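The following exercises concern one structure, shown below. Each task is followed by a solution in steps.

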Amino acid sequence: MIDESPLYLGFDLSTQQLKGIAITSDLKVAYEAVFDFDADATGFGIKNGVLTNEAEDEVYAPVTMWLQAIDAVLQRLQDKGIDFGRVRGISGAGQQHGSVYWSEDGEHALQNLHEGKSLEAQLHHAFSYPYSPNWQDSSTQKQCDSFDRHLGDEVQLALHTGSKAHHRFTGPQILRFRSKHPDAYSKTSRISLVSSFLASVFVGKIAPIDIADVCGMNLFDIKAGSYNQKLMALAAGPSDLESKLGHVPEDGGGSFGEVQKYFVRRYGFNPSCTIAPFTGDNPSTILALPLRPLDAIVSLGTSTTFLMSTPHYKPDPAVHFMNHPTTSGLYMFMLCYKNGGLAREQIRDALPPTPPGISDRWSLFNYHATHTRPLGASIESSPAKIALYFPRPEIVPNVQAGIYRFTYTGQQPTVSSPSAWKLPEDDCRAILESQLLSLRLRSRGIVAPPSPNPQNVPAQPRRVYLVGGGSRNTAIAKLAGEILGGVEGVYRLDVGGNACALGSAYKAVWAVERKPGETFEDLIGSRWREDEFVEKIADGYQEEIYRMYEKGVDGLEAVEKSVLEEQARDVGKASTTGAGQV
Ligand SMILES: Nc1ncnc2c1ncn2[C@@H]1O[C@H](COP(=O)(O)OP(=O)(O)O)[C@@H](O)[C@H]1O
Ligand SMILES: O=C(CO)[C@@H](O)[C@H](O)COP(=O)(O)O
């Protein structure tokens, strides 16, 4: 018998891959496919999904590579047997902040695709600029300084837009783009985010920017619910930026229209398949499970992000707040680190060859990360080994690229002599500890003690959910529980690396099947099966070790301060000698 039950598609266009996932109405995963940019894309010369221009700290991705990926993922899903005629709704997510510049005939090209040719072959002329600035770019310090000053100071900017100015945020990127490529900017008819670019391809016209993803631009006033005109004028001068960006609909579950004919004719989609709003990859990740108050998600992709959903809007220059992607009145709290997965990989790759008895490189890394004592101290009172691993300039703290190793006794940290560390082995524990200690340090203001609390348990998350590629790693899970706590423990979604695409697929289900007034949480909550969908992978809060890591939190704070002061001194020296000035 032919199966005609509905399917919903979710996509994740992230840094290193495009992932697609198809689920049933009762949220079961039916099909999955991945296109890995480094392994599978042809003709772009990228590494880890991006191109870099180190002289100017630029990081960017070719837009046509993503078009190649869309056709390839659909083809791979079809090869696995999916009947696209069953798909009733599609949503998706994109790496945040990246911008795509459409040429004057971009939209026309989108509407006139022939099913006999690939997207890449037909749309390569649809852009006024062939690259999308990537979230790892740090070329915009000057523009960020202007943004931070423009409303008074960085506190005011954070209050209005949810974040202080960040190199990767789209407003400072557009400002730089306009001055570096004035000709391309003048030929730009529309600007999409990565998420709305992907939606545009599916719907066959330029799709609106989503209510959560728009908060990653330093342009949108979250409380006012509209673009901030002063910031828009800063980014784009007298040109009409709002008409390039388009209207931002409030309903994350609305419809942008039906899937365009190209997909109907080439892949057999049903012409009435709905395209729901596409959002950022982090907002989409928080939709992958019905998060309860005080639950935290740690997303271990190329970036590391810490995500919580909260009704309290408490912006601060050290963190990010965004609109929740589906639920008005809720916000998303986020910390984001550039040096996540790739920094961990560099430490892993520096280890000596894998000895017999250890199955792979990650197992070797994990062995070294867990066969030493916390903070690399031989006994609890020995000096702690604390280091910062930033192959690329970091976001929090805003520190230049480098590896900074210290020892810390509770006083001023001292720069370590090479002999104080057993290298490269000691780096395995130290990188995981410093990444997790930074999350604990910076989420202190948003977590709370459990209630009731007869044991006086300190403020911490209720559960810690690990998602993304690094969530397969048992050493990370163990240390996450020890350092971040988690009253109920550390969990992983049973779909592992695809939480973001899954969140988008859930959003597609909600957009198509919701009854009038039914919230995302109500619909997904009623279909969610805890015992089948999540797995406890490590203990959470353990009083003694959690207390021991207090010293680590203080130490990390002191180490960061010391590196920032040193960097400020170097900048001071450079400006008095004239070094580095153009
Ligand atoms: N067993 C593992 N342990 C630690 N990290 C892993 C493991 N397997 C994969 N990863 C990491 O996962 C990252 C990719 O995660 P993913 O969520 O797919 O990234 P993105 O969404 O940014 O493309 C890689 O950088 C890799 O280092
Ligand atoms: O810049 C941010 C969030 O502010 C990153 O989290 C990007 O959204 C890319 O994420 P991944 O590719 O690592 O998922």
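**Exercise 1. Determine how the shells around the two ligands divide by residue class.**

Step 1. In this predicted model, the shell around ligand 2 divides into 2 nonpolar, 11 polar and 2 charged residues. The classes are defined as follows: Ala, Val, Leu, Ile, Met, Phe, Trp, Tyr, Cys and Pro are nonpolar, Asp, Glu, Lys and Arg are charged, and the others, Gly among them, are polar.

Step 2. This shell holds 15 residues, the closest being S14, T15, W135, G301 and S303. A residue belongs to a shell if its C-beta atom, placed from the backbone, lies within 6 Å of the molecule.

Step 3. Ligand 1 is surrounded by 17 residues, with S14, G301, T302, G341 and G469 the closest. They divide into 2 nonpolar, 12 polar and 3 charged residues.

Step 4. Helix α14 (residues 341-350) contributes the most to the shell around ligand 1, namely 4 residues. Helices (H or I, at least four residues) and strands (E, at least two) are DSSP runs, numbered from the N terminus.

Conventions. Residues are numbered from 1 along each chain as its sequence is written, while chains are lettered from A and ligands numbered from 1 in the order in which they are written. Because the model is predicted, local features need pLDDT of at least 70 and side-chain atom pairs count only at pLDDT 80 or more, whereas totals for chains, interfaces and linings use all residues.

**Exercise 2. Describe how α14, α15 and α17 pack against α16.**

Step 1. α14 and α16 pack at about 170 degrees, with axes 9 Å apart. Axes are lines fitted to C-alpha atoms, for helices over the stretch in contact, and angles run from 0 to 180 degrees between N-to-C directions. α14 is therefore roughly antiparallel to α16; the classes are roughly parallel under 35 degrees, roughly antiparallel over 145, roughly perpendicular from 65 to 115, and oblique for the rest.

Step 2. A343, R344 and I347 of α14 meet D427, C428 and I431 of α16, where contact requires C-beta atoms, placed from the backbone, within 7 Å. This contact has 4 nonpolar, no polar and 2 charged residues.

Step 3. Helix α15 (residues 361-370) and α16 have axes that come within 7 Å and cross at roughly 80 degrees, so α15 is roughly perpendicular to α16. In this contact, F365, H368 and A369 of α15 meet C428, R429 and L432 of α16. By class there are 4 nonpolar, 1 polar and 1 charged residues.

Step 4. Helix α16 (residues 426-442) packs with helix α17 (residues 474-484) at an angle of about 40 degrees, the axes being 10 Å apart. α16 is therefore oblique to α17. On the α16 side, L432, E433, L436, L437, L439 and R440 take part, meeting A475, I476, L479, A480, I483 and L484 of α17. The residues of this contact divide into 10 nonpolar, no polar and 2 charged.

**Exercise 3. State the confidence of the prediction.**

Step 1. The mean pLDDT (the predictor's confidence in each residue, from 0 to 100) is 94 for the chain, with 98% of residues at 70 or more. Residues 577-582 have pLDDT below 50, and beyond near neighbours in sequence this stretch has 2 contacts in the model.

Step 2. For the complex, the predictor gives an ipTM of 0.97 and a pTM of 0.94.
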